[in-house]
Amino acid sequence: MHPPKARPGDRVAVLSPSFAAPGLFPAVHEQAMRRLAEVTGLVPVEYPTTRRVGASAEARAADINAAFADPDIRAILAVIGGEDQITVVPHLDPALARADPKPFLGTSDNTNLHQWLWANGIASFYGGSTQVHLGPGPAVDEVHARSLRAALLTGERLEVTDPGESEDVGVGWDDPRALSSYGDRAPTEPWSWHGPARTVTGRTWGGCIEVLEWVLTAGRSSPAPDALAGGVMLLETSEELLPARNVAWIVRALGERGLLAAVDAVLLARPPVSDFTRRPEPEERSRLRAEQRDAVVSEVTRYNPEAVVCVGIPFGHTRPQWILPHGGTMTVDAVERRVHADFA
């Protein structure tokens, strides 16, 4: 099911299914809410745990269930990820989501919710964490604003382009400069293409690699390989900065599960390779990104040499960031070396 789009003036739920960052950094959150209204014309609605740090899994699930149950809420946005959303999922009511499916947007730990929605036959959108991509900095990145409107309002088909610059982390949210300054942005490298020169159009599935490992270990929402046949796998890594070999081990497990062989294309995001405490020199950052690229491409090729692989797409844990369909359709054209996303 592709949830219907919202219209300007509609209400959208802004929830904290994982970490309630707005409770600790309210200025960034409030700027995000103003920008969300300005960019989309929608009305943000907070719930009891949106700013409640340490809220129980049951309380956070109650907010998600309430948002799906409220007919006046026409979309749901997660403020940020975290690390314990896996404990929230058992308390969700699938009947509410199926009765009134709504666009859901989130990254990182929200891979749990994307997988839960997939299992219930509901498409969603990977990206759009308000605390990361709307609140900080002097403005909303243009590619983010375009894909945000497409996901929530317009549903058109867009070409996914490289914004030409990228940051791994922004200014710390406890610093007033976070409201007006970007992080350390550097020029991006050209996307790297691997596999046969052919065009693939298929339904997307995936998320944050580390969280996919948790979901599959817990035995939840695991698609059968047949469900991914001909599809496009989306993979990205988090600010935990896993070594390339660890990323490859997780990708290898996806191969052993038969999921890599099922898809026709894999999109690997440009990975973060620095954080607030680890700031490698530019040459070292390039090397770390190349290590992850080579490790993942090697595993994909082992299990599916006919897969088209594109590395460097700006989604996931870096900024500027595209929001991409999850359970929707994307076209990966290795002939023209272009990528398109359908936001229906």
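Student: Let's start with Gln-115. Which element does Gln-115 lie in?

Tutor: Happy to begin there. This is a predicted model, and in it Gln-115 lies in helix H5.

Student: How do I read its accessibility: is Gln-115 buried or exposed?

Tutor: The general idea is a cut-off: a residue counts as buried under 20% relative accessible area. Gln-115 has 1% relative accessibility, so this residue counts as buried.

Student: Which residues is Gln-115 in contact with, leaving aside neighbours within four places in sequence?

Tutor: The partners are Trp-205, Gly-206, Leu-212, Val-215, Ser-221 and His-326. With one of these, Trp-205, there is a polar contact, side chain to side chain, at 2.8 Å. For a sense of distance along the chain, Gly-127 is 12 residues from Gln-115, and their C-alpha atoms are separated by 14 Å.

Student: Now the helix itself. At what angle do H5 and H8 pack?

Tutor: Helix H5 covers residues 111-119 and helix H8 covers residues 209-217; their axes are 9 Å apart, at an angle of about 50°. Roughly parallel means under 35 degrees and roughly perpendicular means 65 to 115, so H5 and H8 are oblique to each other. The crossing of H5 past H8 is right-handed.

Student: Which residues make that contact?

Tutor: H5 contributes Thr-111, Asn-112 and our friend Gln-115, while H8 contributes Val-211, Leu-212 and Val-215.

Student: Let me try another pair. How do the axes of H2 and H7 cross?

Tutor: Helix H2 (residues 26-40) and helix H7 (residues 142-154) have axes that come within 10 Å and cross at roughly 70°. That angle makes H2 roughly perpendicular to H7. On the H2 side you will find Leu-36, Val-39 and Thr-40, which meet Ala-145, Leu-148, Arg-149, Leu-152 and Leu-153 of H7.

Student: Which residues of H7 are buried?

Tutor: The buried set is Val-143, His-144, Ala-145, Ser-147, Leu-148, Ala-150, Ala-151, Leu-152 and Leu-153.

Student: And what covers the buried residues of H7?

Tutor: The cover includes H2, helix H6 (130-133) and the strands S3 (73-78), S4 (104-106), S5 (124-126) and S6 (157-160). Look also at what follows H7: Gly-155, with a positive phi near 70°.

Student: Could we turn to a loop residue? Where is the place of Ser-18?

Tutor: Ser-18 is in the loop that runs between strand S1 (11-15) and helix H1 (21-24). Its relative accessible area is 7%, so Ser-18 is buried.

Student: What does Ser-18 touch, not counting residues up to four places away in sequence?

Tutor: Ser-18 touches Arg-60, Ile-80, Gly-81, Gly-82, Asp-84, Gln-85 and Asp-109. Its side chain makes a polar contact of 3.0 Å with the side chain of Gln-85.

Student: One last residue, please. In which strand does Val-232 lie?

Tutor: Val-232 lies in strand S11, residues 232-236. At a relative accessible area of 1%, Val-232 is buried. Leaving out residues up to four places away in sequence, Val-232 touches Val-200, Gly-202, Arg-203, Thr-204, Trp-205, Ala-265, Leu-267, Met-330 and Val-332. Glu-284, 52 residues away in sequence, is 30 Å from Val-232, C-alpha to C-alpha.

Notes: Residues are numbered from 1 along each chain as its sequence is written. This is a predicted model: local features need pLDDT of at least 70, side-chain atom pairs count only at pLDDT 80 or more; totals for chains, interfaces and linings use all residues. Side-chain values use heavy atoms; hydrogens and water are left out. Axes are lines fitted to C-alpha atoms, for helices over the stretch in contact, and angles run from 0 to 180 degrees between N-to-C directions. Helices (H or I, at least four residues) and strands (E, at least two) are DSSP runs, numbered from the N terminus. Angles under 35 degrees count as roughly parallel, over 145 as roughly antiparallel, 65 to 115 as roughly perpendicular and the rest as oblique. A crossing is left-handed if the near helix is turned anticlockwise from the far one by less than a right angle, and right-handed if clockwise. Contact means heavy atoms within 4.5 Å. Buried means under 20% relative accessible area, exposed over 50%, partly exposed in between (1.4 Å probe, protein chains only). A polar contact is a pair of N or O atoms within 3.5 Å; within protein, one must be able to donate a hydrogen and the other to accept it, and residues adjacent in sequence count only if both atoms are side-chain atoms.
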